[in-house]
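I opened my notebook to look through a structure with you, one topic at a time. Have the sequence and the model side by side as you read.

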Amino acid sequence: MHRPEAARLSPHELYNARLGLWLFIVSEAALFSAFIAARYLNLGTQRPAELNQPLGLAITAALLLSSLTAYRAETCIAHGDRAGFLRNTLWTLLLAVVFLVGVVAEWVEAFHLFPPGTRYGTSFFSLTGLHGLHVLSGAVLLLGVYLHGRRGRYGPEDYWPVEGVVKYWHFVDVAWVFIYPTLYLVG
Amino acid sequence: MKEVLAEKLRVGSTVFVALCALTAVEWFAARWPGALLWLAVIAAAKAALIAEYFMHSSQLLGEEGS
C-alpha cells in the first residue's frame with residue numbers, strides 16, 4: 001500500500017529534501033569535528049596502552065558492514081525488492097545493536113582504566129557517547145522505516161524516508177571512520 | 001530491472017571490500033612514521049567512498065529536480 005500519488009514528492013521537492021538533509025549532515029559534521037579537535041588539543045597524539053584494540057576493530061567492522069546492508073536495503077526498495085529491503089534493514093538494525101553492545105562493553109572497561117574525569121577519559125567518553133547517541137537515534141529511525149515497510153509502505157517511486165534514514169546512517173558510519181583512528185590508532 | 005539491481009548490489013559489495021582493505025591498511029599505518037598524516041588520508045579516502053557510492057553525494061550536483 002503506497003502513499004497516494006498526491007502525497008509523493010515531486011522531483012523539485014525531492015531535490016530540496018536531499019539538500020536539506022545534506023545541510024543537516026554538514027552541521028552534524030561540524031559538531032563531531034569540534035569534539036575530535038578537542039581530543040588533539042587536550043592530548044596531542046597520546047593514548048593509553050590499555051585500550052581494547054580487538055574490540056575497537058570489531059565494532060568498526062560491525063559498523064562498516066551495517067553501511068553495506070543499509071545501502072542494500074535502499075537499493076532493493078528502489079528496485080521494488082521489498083523482501084530484500086526488509087531483510088537488509090533488519091541486518092542493519094542487528095549490527096547497530098552489536099555496535100552499541102560493543103561500546104557498552106568498552107565503557108565498562110574504560111571506567112576502570114581511564115574514568116571520565118581523566119584527560120583521555122574525557123575525550124573517550126564524550127566522543128563515544130556523542131556517537132553512540134547518533135547510532136541509537138539512527139537505529140530508532142531504521143526501526144521506524146522497517147515497521148512502515150512491513151505494512152507495505154514505500155516503493156520504487158516513493159522511498160524518500162528510506163533514503164533519508166539510510167543517508168543519516170551512512171553519516172554515522174563516516175563519523176566513526178574519523179573517530180576510530182582518533183581514539184584507537186593515533187599515538 | 002533484476003540485472004540493474006544485481007549490478008548495484010555488486011558495486012556496494014566492492015566498496016565494502018575496499019573499506020575493509022583501507023581499515024586493514026589503517027591498522028598498520030598507525031605504526032608508520034608520520035602516522036597521523038597517513039591515518040588522516042586513509043580516513044578521508046574511506047569517507048569519500050561512503051559519501052560517493054553509499055550516500056550518492058553527486059546527486060546534489062545534478063540539475064535541480066532531475
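**Entry 1: where the chains meet**

I began with the two chains and found 37 residues of chain A in contact with 31 residues of chain B. Contact means heavy atoms within 4.5 Å.

I noted the ground rules too: this is a predicted model, where local features need pLDDT of at least 70 and side-chain atom pairs count only at pLDDT 80 or more, while totals for chains, interfaces and linings use all residues. Residues are numbered from 1 along each chain as its sequence is written, chains are lettered from A and ligands numbered from 1 in the order in which they are written, and side-chain values use heavy atoms, with hydrogens and water left out.

Next I looked up the area: chain A and chain B bury about 3,200 Å² between them, and 76% of it is on carbon and sulfur atoms. Buried area is the accessible area (1.4 Å probe) that two parts lose on being put together, summed over both. On the chain A side, A:Tyr15, A:Tyr71 and A:His79 lose the most area to chain B, together 22% of what that side buries.

How many salt bridges are there between chain A and chain B? I found zero. A salt bridge is a side-chain nitrogen of Lys or Arg within 4 Å of a carboxyl oxygen of Asp or Glu.

**Entry 2: salt bridges within the chains**

I then searched the whole structure and got four salt bridges over all chains. Side chains of opposite charge can pair when their charged atoms come close.

Helices (H or I, at least four residues) are DSSP runs, numbered from the N terminus. Are A:Glu163 and A:Arg18 buried or exposed? Both are buried. I use "buried" for under 20% relative accessible area, "exposed" for over 50%, and "partly exposed" for in between (1.4 Å probe, protein chains only). I also saw that A:Arg18, A:Glu163 and A:Lys167 are linked in a network of salt bridges.

In chain B, B:Glu26 pairs with B:Lys46, the closest N and O atoms being 3.1 Å apart. B:Glu26 lies in helix α1 of chain B and B:Lys46 in helix α2 of chain B, so the pair ties together parts 20 residues apart in sequence. B:Glu26 is buried, with a relative accessible area of 0%, and B:Lys46 counts as buried at 1%.

I found another chain B pair in B:Glu7 and B:Arg10, with the closest N and O atoms 3.0 Å apart. These two are three residues apart in helix α1 of chain B, so about one helical turn separates them. B:Glu7 is partly exposed at 39% relative accessible area, and B:Arg10 is partly exposed at 49%.

**Entry 3: the nonpolar core**

Which residues touch the most other members of the largest nonpolar core? Of its 71 residues, they are A:Phe85, A:Phe124, A:Val162, A:Trp176 and A:Tyr184. A nonpolar core is a set of buried Ala, Val, Leu, Ile, Met, Phe, Trp, Tyr and Cys residues joined through side-chain atoms within 4.5 Å. The elements giving two or more residues to this core include α1 (11-43) and α2 (53-78) of chain A, along with α1 (2-29) of chain B. I noted that α5(A) gives the most, with 16 residues.

I picked out A:Phe85: not counting residues up to four places away in sequence, the residues it touches include A:Ala73, A:Val145, A:Tyr154 and A:Val162.

I also checked A:His131, in helix α4 of chain A. A:His131 is buried at 1% relative accessible area, and, leaving out residues up to four places away in sequence, A:Phe32, A:Leu63 and A:Trp176 are among those it touches.

**Entry 4: positive phi**

Most residues other than glycine have a negative phi. A:Tyr154, not a glycine, has a positive phi of about 75°. I located A:Tyr154 in the loop between α4 and α5 of chain A, where it is buried at 2% relative accessible area.
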